[in-house]
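Visitor: I would like to go through the terms used for this model one by one. For each, please set the value against the cut-off.

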Amino acid sequence: MLTRPIAKINLGLNVVEKRPDGYHNLETVFYPVQIEDALEVYPMDPEFPSEYDCDLKVTNITIDGDEQRNLVVRAYNLLKADFPTLPRIHAHLYKGIPTQAGMGGGSSDCGFMITLLNQMFNLGLTDQHMIDYAARLGADCAFFILNRPCYAEGIGEKLQPINLDLKGWYLSLVRPDIPVSTREAFALIKPHHPEVNCREVVKQPVESWRGALVNDFEGSVFAVHPELGAVKDRLYDLGATYAAMSGSGSTLFALSRQPLNLDEFNSEGTFRKTILL
């Protein structure tokens with residue numbers, strides 16, 4: 001069975017307070033974007049000599065670390081603990097979403113894996129059940145059960161679907177070859193409540209978002225990687241109506257009424273793409 005995990009962008013991201021458990025409470029609006037991975041799952045032959053119940057192969061983009069720590073495998077193992085009859089499987093993950101980019105690639109793979117296993121093996125899980133499982137694996141994972149515009153609180157797992165349609169806008173994305181770790185992004189953050197909640201800002205025309213819809217991570221990330229701030233400035237120079245960093249970086253995105261010319265962002269390792277929403 002094949003599914004296609006999609007990416008997301010954050011329309012505003014405010015770090016509002018530090019929690020007793022060491023995590024931070026956030027306020028953000030998630031918006032789904034049709035940039036895709038491909039995830040294929042099929043049952044493993046009982047005679048196949050694998051030491052793992054979920055045998056994962058990742059292609060196209062190299063992901064550092066043990067594949068058995070990948071969120072796809074962790075999602076399988078989480079469900080396997082509650083559904084012991086879940087058969088052993090092969091999983092092939094073709095990565096098209098850039099990694100460490102603030103676009104939710106790993107979280108999406110996790111959410112879509114939970115949904116796929118539920119459908120494929122008739123587990124009978126509701127959306128809320130799947131959201132609860134996903135939230136145990138990562139802050140953004142729960143969003144990829146719903147895959148529609150949502151306002152999120154908590155660590156990103158408290159979701160409220162909202163009416164937001166950016167159809168007709170061009171979305172330009174530039175992800176330089178500068179990975180940004182979540183720990184690095186949080187290093188200089190000073191939690192605070194914004195004057196206006198991002199959920200309220202996105203109700204207004206996109207033309208009013210500049211200066212009002214803020215990603216708090218930009219301050220700490222741009223201080224360490226000023227070249228990312230320069231990309232955002234250049235997107236405005238090229239005609240963006242609104243530009244920002246997504247998540248904790250390092251993807252910069254722009255909304256515009258006409259497609260932007262991204263030819264100058266052609267350094268080796270840079271991801272760049274324009275899509276019509």
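Visitor: Where is Ser 248 placed, and why does Ser 248 count as buried?

Guide: Ser 248 sits in the loop between strand 10 and strand 11. Helices here are DSSP runs of H or I with at least four residues, strands are runs of E with at least two, and both are numbered from the N terminus. Buried means under 20% relative accessible area, exposed means over 50%, and partly exposed is in between, with a 1.4 Å probe and protein chains only. Ser 248 has 13% relative accessibility, so Ser 248 counts as buried.

Visitor: What kind of model is this, and what is left out?

Guide: This is a predicted model, in which local features need pLDDT of at least 70 and side-chain atom pairs count only at pLDDT 80 or more, while totals for chains, interfaces and linings use all residues. Residues are numbered from 1 along each chain as its sequence is written, and side-chain values use heavy atoms, with hydrogens and water left out.

Visitor: Which residues is Ser 248 in contact with, leaving aside its neighbours within four places in sequence?

Guide: Contact means heavy atoms within 4.5 Å. With those neighbours set aside, the partners of Ser 248 are Gly 102, Val 180, Thr 182, Ala 185, Phe 217 and Val 221.

Visitor: Why does Ser 246 count as buried?

Guide: Ser 246 belongs to the loop between strand 10 (242–245) and strand 11 (252–256). Its relative accessibility is 0%, and therefore Ser 246 counts as buried. Not counting residues up to four places away in sequence, Ser 246 touches Lys 8, Ile 9, Asn 10, Ala 101, Gly 102, Asn 215, Thr 251 and Phe 253.

Visitor: What is the form of the peptide bond from Gly 249 to Ser 250?

Guide: That bond, from Gly 249 to Ser 250, is cis, with omega near 10°. Ser 250 is in the loop between strand 10 and strand 11.

Visitor: What makes Ala 101 buried?

Guide: Ala 101 has a relative accessible area of 2%, so Ala 101 is buried. Ala 101 lies in the loop between strand 6 (89–94) and helix 2. Apart from neighbours within four places in sequence, its contacts are Arg 175, Ser 246, Gly 249, Ser 250 and Thr 251. Val 180 is 79 residues from Ala 101 in sequence and 7.1 Å from it in space, C-alpha to C-alpha.

Visitor: Is Gln 100 buried, exposed or partly exposed, and how do you know?

Guide: Gln 100 has 45% relative accessibility, so Gln 100 counts as partly exposed. Gln 100 lies in the loop between strand 6 and helix 2. Its phi is near 45°, which is a positive value in a residue other than glycine.

Visitor: And why is Asn 122 called exposed?

Guide: Because its relative accessible area is 68%, Asn 122 is exposed. Asn 122 is in the loop between helix 2 and helix 3 (127–135), and its phi, near 50°, is likewise a positive value in a residue other than glycine.

Visitor: What makes Cys 150 buried?

Guide: The relative accessible area of Cys 150 is 0%, so Cys 150 is buried. Cys 150 lies in strand 7 (residues 150–153). Among the residues that Cys 150 touches, not counting those up to four places away in sequence, are Thr 28, Val 29, Phe 30 and Phe 143.

Visitor: Why is helix 7 called oblique to helix 8?

Guide: Axes are lines fitted to C-alpha atoms, for helices over the stretch in contact, and angles run from 0 to 180 degrees between N-to-C directions. Helix 7 (residues 217–224) and helix 8 (residues 226–237) pack at an angle of about 120°, with their axes 5 Å apart. That angle makes helix 7 oblique to helix 8, because angles under 35 degrees count as roughly parallel, over 145 as roughly antiparallel, 65 to 115 as roughly perpendicular and the rest as oblique.

Visitor: Which residues of helix 7 and helix 8 meet?

Guide: Glu 218, Val 221, Phe 222, Ala 223 and Val 224 in helix 7 meet Pro 226, Leu 228, Gly 229 and Lys 232 in helix 8.
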